Amino acid sequence: MMFRKYSRSAFTLIEMLVVITIIAILAALLTPVVGSALEKGRRTSCRNNVRQLGIVFRSFADDNKGYFPWCMRTVEQDLIDGALNEQGTLMFAVTNLYGRGYLRELAVLVCPSDRVDGGEGEEVEVEVAKSIDTFDSKGMCSYLYIAGMKDRSAENPSIAPVLADESNIDEDGALQAGNMPRIAQVDNHGENYRVVLYFDGHVSATESADAANEIFDGLIDTTVLNSVD
């Protein structure tokens with residue numbers, strides 16, 4: 001009697017397999033949902049990042065004749081020939097902003113969804129710079145910057161982009177606005193999705209097959225703008 005009672009209270013192999021199968025099915029069903037919820041949170045954090053950077057850039061402009069940060073020569077110097085062409089990389093602007101006290105947290109330069117930076121064969125793992133001395137725009141900054149904006153710009157401030165999620169492929173001034181590489185699955189938030197900070201300070205996301213370029217639609221004079229990452 002004691003033996004029969006004990007044997008009935010134990011799980012059989014078939015019962016254990018059924019339970020494991022059910023758990024596996026539930027995990028498979030829940031994983032995309034959990035992943036989507038986590039990514040939604042990361043996108044919110046990314047928007048907060050670019051919003052904070054917008055405040056930093058506006059503070060800089062208030063002290064620099066209305067010009068947003070430059071990335072090598074001052075915008076006034078660079079516009080002598082009528083176009084921006086010597087803006088280098090975002091590294092100069094970040095170093096300048098940090099050194100002058102406008103930017104205090106280097107973590108805001110990194111999108112929480114960004115994992116790798118650089119083209120195929122040149123990828124580096126994305127990380128927050130430990131100090132301004134170790135900062136590098138490749139792998140330590142997740143955003144594309146449209147240099148050259150001024151508070152008295154001819155552009156419509158509600159549609160003129162200032163910062164956006166970058167592509168892993170370089171988006172420098174040689175490409176110019178409207179000729180950017182497409183946003184791929186390996187980029188910050190996946191294919192065809194871009195968080196954008198506009199000149200008037202509002203932040204929104206664009207999601208389309210041409211998310212890389214449509215943010216430049218409607219610009220009046222792209223010759224006085226220069227994309228740097």
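**Close-up views of a predicted model**

At 16% relative accessibility, N192 counts as buried (under 20% is buried, over 50% exposed and partly exposed in between, with a 1.4 Å probe and protein chains only). This is a predicted model, in which local features need pLDDT of at least 70 and side-chain atom pairs count only at pLDDT 80 or more, while totals for chains, interfaces and linings use all residues. Residues are numbered from 1 along each chain as its sequence is written, and side-chain values use heavy atoms, leaving out hydrogens and water.

**View A. Two positive phi angles in loops.** Let us stay with N192, which has a positive phi of about 60° although it is not a glycine. Its place is the loop between β4 (161-165) and β5 (193-198); helices (H or I, at least four residues) and strands (E, at least two) are DSSP runs, numbered from the N terminus. K65, also not a glycine, has a positive phi of about 55°. K65 sits in the loop between α2 (13-62) and α3 (75-78) and is exposed at 58% relative accessibility. Most residues other than glycine have a negative phi.

**View B. The largest nonpolar core.** Here 53 residues come together, and those with the most contacts inside the core are F57, F68, L103, L109, Y145, V162 and L163. Such a core is a set of buried Ala, Val, Leu, Ile, Met, Phe, Trp, Tyr and Cys residues joined through side-chain atoms within 4.5 Å. Two or more residues each come from α2, α4 (90-99), β3 (143-147), β4 and β5, with the largest share, seven residues, given by α2.

**View C. Salt bridges along and beyond helix α2.** A salt bridge is a side-chain nitrogen of Lys or Arg within 4 Å of a carboxyl oxygen of Asp or Glu, and the count by this rule comes to seven. In helix α2, R43 and E39 lie four residues apart, about one turn of the helix, and their closest N and O atoms are 2.9 Å apart. Look next at E86 and R73, whose salt bridge has its closest N and O atoms 3.4 Å apart. E86 lies in the loop between α3 and α4 and R73 in the loop between α2 and α3, so this pair ties together parts 13 residues apart in sequence. E86 is partly exposed, with a relative accessible area of 37%, and R73 is partly exposed at 27%.
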